Amino acid sequence: MRQNAIAAALSRDRTRLPHQLTRMEKRAYVARSKVENEVEVSLRPEGRSTIDASTPNLADSTRRHLLDRLGPDDVKALKDIAERLLTRDDGR
């Protein structure tokens with residue numbers, strides 16, 4: 001994926017992303033290459049395994065610290081809000 005596209009998708013400042021990617025590249029999580037006046041970023045196997053290893057902990061923490069503390073009506077409201085945010089382009 002192009003570096004500018006990553007910045008846009010994450011709503012990150014384009015000037016801060018290279019610093020983060022440099023740290024990730026040093027840990028062998030990503031690889032960067034110059035392509036047509038841009039930078040292309042690809043996920044390396046070490047990055048994929050780190051993501052895969054963190055997913056169960058993230059899901060458990062989300063459930064324990066958020067969902068388990070909400071009542072059924074709150075969970076439904078949160079789900080409705082998330083679905084609305086994911087399906088609307090105008091932000092309203």
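**View A. Leu-78 in helix 4 of the predicted model.** Leu-78 has its place in helix 4, the helix that covers residues 72-87, and the structure shown here is a predicted model rather than an experimental one. With a relative accessible area of 36%, Leu-78 is partly exposed, because that class lies between the limit for buried residues, under 20%, and the limit for exposed residues, over 50%. Together with Leu-66, Leu-67 and Val-75, Leu-78 makes a nonpolar surface patch of about 280 Å².

View B. Leu-17 lies in helix 2, which runs over residues 17-26, and Leu-17 is buried because its relative accessible area is 3%, where buried means under 20%. When residues up to four places away in sequence are not counted, Leu-17 touches Gln-3, Ile-6 and Ala-7.

**View C. The largest nonpolar core.** Six residues form the largest nonpolar core, namely Ile-6, Ala-7, Leu-17, Leu-21, Val-30 and Val-41. The elements that contribute two or more residues to this core are helix 1, residues 3-10, and helix 2.

**View D. The contacts of Val-30.** Val-30, a member of the largest nonpolar core, is in contact with Leu-21, Met-24, Glu-25, Val-41, Ser-42, Leu-43 and Arg-44, once its neighbours within four places in sequence are left aside. Among these contacts of Val-30 are Leu-21 and Val-41, which also belong to the largest nonpolar core.

How values were computed. Residues numbered from 1 in each chain as written. Predicted model: local features only at pLDDT ≥ 70, side-chain atom pairs only at ≥ 80, totals over all residues. Heavy atoms only, no water. Patch = residues over 30% accessible without salt bridge, like charges linked within 9 Å, V, L, I, M, F, W, Y side chains within 5 Å. Areas by Shrake-Rupley, 256 points an atom, 1.4 Å probe, with all protein chains shown as cover. Salt bridge = Lys/Arg side-chain N within 4 Å of Asp/Glu carboxyl O. Helix = DSSP H or I, 4+ residues; strand = E, 2+ residues; numbered from the N terminus. Buried < 20%, exposed > 50% of the residue type's maximum accessible area, 1.4 Å probe, protein only. Contact = heavy atoms within 4.5 Å. Core = buried A, V, L, I, M, F, W, Y, C linked by side-chain atoms within 4.5 Å.
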